[in-house]
Amino acid sequence: MIKLSEIVGRIGAFDLLSKIEGNPGVFDSNSIYDVMSSAGVEDPDGLYNDLIQNGIVTQYGRYYSLSSLGAKTLLLLQAVNGEDIELVYRRLAGIYPELRHYELVREGMVLKFIHDLYDQPNFGRIYFCSPLINLEKKTLGRLAQALRWAEERFGKRTVEVLVIHGAFKGDEKEDRPFKETLNALSNLGAEIRIHPKYPKLHVKLYIREPSFSGGLLRAVVGSQNLTRSRNIELGIWITNDSEMIGNLIREFYEIYNTGEKYN
Amino acid sequence: MNQQTTVEERFGLARSNFVINPVSEADFWAPRSDVSIELLVENLRVDLVIGLAPKRFIWGRYGGGKTHTLHKIMRELEKITPIHPVHIDCPDLSRRSTFLELYRDGIMRSLGEDFVLGLFDASLEEIGYARREEFLRKLKETLGDEELSKAVARLQDPNFDRIKLWAFISGVSVGKSDLPDLGQTQDLTSAESSRLAEMIILIGRLTRTNLGKTLVLILDEMDRLGPPSGPGPETIMTFQTAFRRLVDPNQKTVSILIGCTAEARADFPEIFASEAVMGRLGRDPGFGEIEIGGLVDPDVDRFIKSIIEHFRNPDADIASLIQSASSGTSETINEDFFPFTVEAIAALKGRLSQIMTPREVTLTMSRLLGKAYLLNKPVVTSDVV
C-alpha cells in the first residue's frame, strides 16, 4: 500500500497542492494537467490517480480542490519546507480544534474535565487540587469507569490519581460529604493529601497526563471547586502546552508535599 | 322474583359465580383427603430447617387443583420464610425449542428487568468503588462468574445503556457491536443450558443476600414440554441438563415448584420421566412428587360446602333467603348448601364425571346458578340440574 509521504514527496506534488489550495474553484481536468506540467511532474496520470484515490484532492463538479486531508498534508509539508512553525501550528489548530492551546471555560469546567477523561481514557496520571471535593454519584461513576478503561489499556500497571483537598472544618456533619467523596477516590486508588489550615488552599487545578501509549496533556485552572457549582465560574482550558502544564505540575507537587496523608 | 336483583343479591353471594382464581385466591383451601396441606407445609418446614430450598413437582389431571396447590404452598412458605415468588407459565414451544426459550420467554420475562438489574445494582452498591483489578475480583467473588462480572461492572457507568445488559442476561441475541461494551465475545444464545441454569441460581443467591428472601419459581403448565407441541428428541436434553441442575438438592438458593397436567405418570413429559431429574427431586411422599387426584365422594360435599362458604356474602341475611326460598319448593334447603337444595347437590354430583375435579364442580355450580337465576328461582333445585 502506497504511503501518503510517497505520493506527496514526488517532484511537483507540493507545488500542485499549493496551487490548488491558493486557487480554489479554478482548476478543471484540463488545467490541472497544465499545472502538473509546469510543476515538473514526471508521471501526471500516476500522480493524478494517487491524489484522487487517496482522498487528498477532490472534485466538486468540474473543479478540483483540496480535501481536509489534503489541507492538513499541505500544512505539514509547508512546515517541513521551512515555513514558520507557529503559523503552521495555528492553521492546523483551526482544522484540529483540540490542538488549540487555550480556551476559556465557564461553569461546568469540572464536569467537562471528567467527561474528557471518560471520552478519552488514555491517561497515565490525573491531578486534582481543590479546596473542596464533592462529586455526585453519576460523576464518580464516570470517573470510576474512565479509570477502569485507562487501567485496562495498561494491563498490570495502574493509573495514578493524586488529590489535594483543603483543610476540613472539623464539623462532622459539614465535612461528611467531602470525606465521602475522598473515601470513594481513595478506594479508586487515589493518593490524597489534606492541605494545612494556613495558609488556606484556594487553588483549583485539574490536570491529565498521557499514558505511555499517548493521549492528551491537558489542564484546567479556574475558579470552580471539584464540586457542583451554582456560581459564576471562569477558567482556562489548556491543551498540549507541555511547558505551561509542566509548570503547573511542579506547582501541584509543591502544594501536595505540604499536605498530610489522608487515611 | 324480581329479576332486577342481581345474582349475588338473590342468592346471598359476594360474587356471581363460583370460579376460583388459583393465584389471587390461593389462601382459600377446601379440605380434601388426597392433599394434606398441613403435611405439605410441615414438609416445607423440614426442608427449610435443614437448609434446602424446597422443590416440588405437582401433577394431576386438568382442573384438579395443581395451580391452586402450587400457590397455596407458596403462601404457606411465605408465612414461614420471606420469599420472592415468581409465577411462570410455560411459553409456547416447538419441536426445536431448547431450554433457552423457557429461560428467555418464560423465566427471565417473568423475573423482569427491574428486579434482576436491581439485584446487580445492590451488589455493586455493596462493593462500592475500587481499582479495576480489585473491583472485578470482588464482583467475581459476589457473582461467581468472571465473564458475567465484566458485563455487570458496566452498570456502575452512568452512561451505560442498561438495556444492553438486560438483553445479555435475559438470553436475547446481542449485536456484535454491543458485545465488546459488555466485555463479552458471545451472548447467551449459544450458551450451554447448564450456564443458563446457573444464571437462575445466581439470581436466587443474590435475592437471598441482597433482599433476604428466597426466590421461588412457580413453573406451571410444564406439560407443554411434552408432545405434541414440546421440544423434540434433538433438544430435550437441554431441558434435562438445566432441570438436573435446578432441582438438585445441592441447589439451595432457588425454590422450584413445578405444575404439570398428566392423567398418569406415563403421561409425564420425557424430562420429568427421567430418573436424572425426578431422582433429584426425590420420591418421598409429600416431598418431591405430589399427585393431585380428583375429588372423591366425601370430599365433594365438603368441597361444595367450603366453596359456598367462601363465596357467601357475610352481610346477607341467609336465614331470610332460605325461608323465602322454602315456600316455593319441597326440596331440602339448609345453610350449608344454600343456594342449592340438598337434592340439587345430589343431582349435580350425578351429572359430573366419575372423577370430579374442583374446576368441573365450580363451573357446573356456576352455570346452574345462572340457570336458576334466569328461571326466576330463589334457589337451585334438582329440576334445574
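Predicted model: local features only at pLDDT ≥ 70, side-chain atom pairs only at ≥ 80, totals over all residues.
**Chain contact, salt bridges and ring pairs**

Biologist: How much area do chain A and chain B bury between them?
Modeller: About 1,600 Å². Of that, 47% is on carbon and sulfur atoms.

Biologist: How many salt bridges and polar contacts are there between chain A and chain B?
Modeller: Two salt bridges. There are also ten residue pairs in polar contact, with both residues at pLDDT 80 or more.

Biologist: Is B:Arg131 buried or exposed? What about A:Glu151?
Modeller: B:Arg131 is buried, with a relative accessible area of 17%. A:Glu151 is buried too, at 5% relative accessibility.

Biologist: How many salt bridges does the structure hold over all chains?
Modeller: 38. One of them joins B:Asp299 and B:Arg302, at 2.4 Å, N to O.

Biologist: Where do B:Asp299 and B:Arg302 sit?
Modeller: In helix H13 (residues 297-311) of chain B. They are three residues apart there, so about one helical turn separates them. B:Asp299 is buried, with a relative accessible area of 1%. B:Arg302 is partly exposed, at 38% relative accessibility.

Biologist: Which residues do salt bridges with shared partners join into a network?
Modeller: B:Arg154, B:Asp157, B:Lys164, B:Asp178 and B:Asp181. The side chains of B:Asp157 and B:Arg154 meet at 2.9 Å, N to O. B:Asp157 is buried at 1% relative accessibility. B:Arg154 counts as buried at 7%.

Biologist: New topic: rings. How many aromatic pairs over all chains?
Modeller: The whole structure has 20. Take A:Phe113 and A:Tyr206: their ring centres are 6.1 Å apart and their planes are at 40°, so the pair is tilted.

Biologist: Where in chain A are those two?
Modeller: A:Phe113 is in helix H7 (residues 109-119) and A:Tyr206 is in strand S8 (residues 205-210). The pair links distant parts of the chain, 93 residues apart. A:Phe113 is buried at 1% relative accessibility, and A:Tyr206 is buried at 0%.

Biologist: And in chain B, what kind of pair do B:Trp59 and B:Phe268 form?
Modeller: An edge-to-face pair, 5.0 Å centre to centre, with 80° between the planes. B:Trp59 lies in strand S1 (residues 55-60) of chain B, and B:Phe268 in the loop between strand S4 (254-261) and helix H11 (270-273), so the pair ties together parts 209 residues apart in sequence. B:Trp59 and B:Phe268 are both buried.

Biologist: Which cluster do ring pairs link B:Trp59 into?
Modeller: A cluster of B:Phe57, B:Trp59, B:Phe99, B:Phe239, B:Phe243, B:Phe268 and B:Phe272.

Methods
Residues numbered from 1 in each chain as written. Chains lettered and ligands numbered in written order. Heavy atoms only, no water. Buried area = accessible area lost by both parts, 1.4 Å probe. Salt bridge = Lys/Arg side-chain N within 4 Å of Asp/Glu carboxyl O. Polar contact = N/O pair within 3.5 Å; in protein donor to acceptor, adjacent residues only side chain to side chain. Phe/Tyr/Trp six-rings, centres within 6.5 Å; stacked < 30°, edge-to-face > 60°. Helix = DSSP H or I, 4+ residues; strand = E, 2+ residues; numbered from the N terminus. Buried < 20%, exposed > 50% of the residue type's maximum accessible area, 1.4 Å probe, protein only.
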